[in-house]
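Here is a short briefing on the fold and a few selected residues. Please read it alongside the sequence and the coordinates.

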Amino acid sequence: MLRMLFVLIFLGSGSSLFAQSVDSSVLTNQAFISHLPHQWPLMEQLSLKVKASPAPHTLVQERSLRILWVVSNAFQARKAFPVIDLFKQRMQALKLDYQLKMVRYNEGTSYRQHIDNFNNGMAFEPDYVISSLTSSVNRKLIEQVLAKGKSKVIITDLSSPVIGWLHSSPLMYVGLDERAIARRFAQYVDSIYPLDAKIAAVMLPVGYINHARCDAFIDAMHARGRQMTKIFYSDATEMDAYQFVSEMAENNNPAEYIFSCSSALAAGVLRAIKQHNIESTTNSWRYTSIEQRALDDGRLVVTLERDVKEFSFVIAETIQSDLTGLDLPNLYIPSSALISAVSPLTR
């Protein structure tokens, strides 16, 4: 009933919603919650379940659940594996019987191969499809799944509902508020660099994440009177970022700060900074021992710590709640914090 209400409210107030959306194809999470205030208490209820001890379900399953997890590129795979491991732990604790199949799109894999791999995965007839929207190919494939309506879809790494999918909405969007985080990065960078500092940006290909992260950072910097000295649109690979920074170093024109729009790009920027021994810095979107070393040696000035456990557990709890008929929000935003070399924790 709530899902039908979701569609009717959005279709009935389209123009005002579009005006509040930064991108005409997606809604900001602020606009989403503003127009559907009942989503907030549902999100809080789900958060309590995620952070509590697992409560095994009591329903008798007629068969194993079939779950298809789509990983869109090599870096997403490295990020996804810890999430998937924790997801498996929570599913086991919830005593849910399931089968998990993965589809991976690695660098060098053609779009045709990715589509074939995805279709092979769909032959598994999954009850749930878990996928990010990091490429236009992924969007088209997920769009087809939603149109058929045979599998329920959980979108990861996105907290901006897609307007074109309002009539057949995914079960859940699970993602950080990328725009808010990008603005926090801009605020921090603005606070530690003089106005005449050279600032460059390594962007992602045009799309949802590029708009939410990269464009939001640049817009926030412009609002603070900052201009970018160089903006480079990459193919989202570590090598792309490495070559961009290497070229700046070889031309003896490095930027003092280089905004990295993803952790994969940050890895390439950090490698080039170290190899060419230039006094540039960057940011990242994850916090591991690698980022801590980069913070310690000054190449990295700020990074993002996300609650991987919360991100993993919410997917498992969403599936259990859906099976038992509990009302669910259509959006969930896990916790995150900025970590800098100066201040260990910046919220």
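**Parallel sheet**

Six strands, in the order E2-E1-E3-E4-E5-E11, make up an open sheet with parallel pairing. Its edges are strand E2 (98-104) and strand E11 (331-332), each of which pairs on one side only. The model is predicted. A second open sheet, also of six strands, has mixed pairing.

**Inside the parallel sheet**

- Helix H6 (residues 111-122) packs on this sheet and touches E1, E2 and E3. The direction of H6 makes about 170° with that of E2.
- Strand E1 (residues 65-71) pairs with strand E3 (residues 128-131) in the parallel sense. Four bridges join E1 and E3.
- Across this pairing, Ile 67 stands opposite Tyr 128 in E3.

**Mixed sheet**

- The strand order here is E7-E6-E8-E9-E10-E12. Strand E7 (230-233) and strand E12 (336-340) are the edge strands, and each pairs on one side only.
- From one strand to the next, the twist averages 15°.
- Strand E9 (residues 281-283) and strand E10 (residues 300-306) run parallel and pair over two bridges. Asn 283 stands opposite Val 302 in E10.
- Helix H9 (residues 208-223) lies across strand E6 (199-203), E7, strand E8 (257-260) and E10. H9 runs at about 165° to E6.

**Nonpolar surface patch**

- Which residues make the nonpolar surface patch of about 340 Å²? They are Val 206, Ile 231 and Tyr 233.
- Val 206 sits in the loop between E6 and H9.
- Val 206 has a relative accessible area of 76%, so this residue is exposed. The cut-off for exposed is over 50%.

- Where is Leu 171 placed? Leu 171 is in the loop between strand E4 (152-156) and strand E5 (172-174).
- Is Leu 171 buried or exposed? Leu 171 counts as buried because its relative accessibility is 6%. Buried means under 20%.
- Leu 171 and Asn 330 are 159 residues apart in sequence. In space, their C-alpha atoms are 6.1 Å apart.

Conventions. Residues numbered from 1 in each chain as written. Predicted model: local features only at pLDDT ≥ 70, side-chain atom pairs only at ≥ 80, totals over all residues. Heavy atoms only, no water. Pairing = 2+ DSSP bridges. Contact = heavy atoms within 4.5 Å. Axes fitted to C-alpha atoms, helices over the stretch in contact; angles between N-to-C directions. Patch = residues over 30% accessible without salt bridge, like charges linked within 9 Å, V, L, I, M, F, W, Y side chains within 5 Å. Areas by Shrake-Rupley, 256 points an atom, 1.4 Å probe, with all protein chains shown as cover. Salt bridge = Lys/Arg side-chain N within 4 Å of Asp/Glu carboxyl O. Buried < 20%, exposed > 50% of the residue type's maximum accessible area, 1.4 Å probe, protein only.
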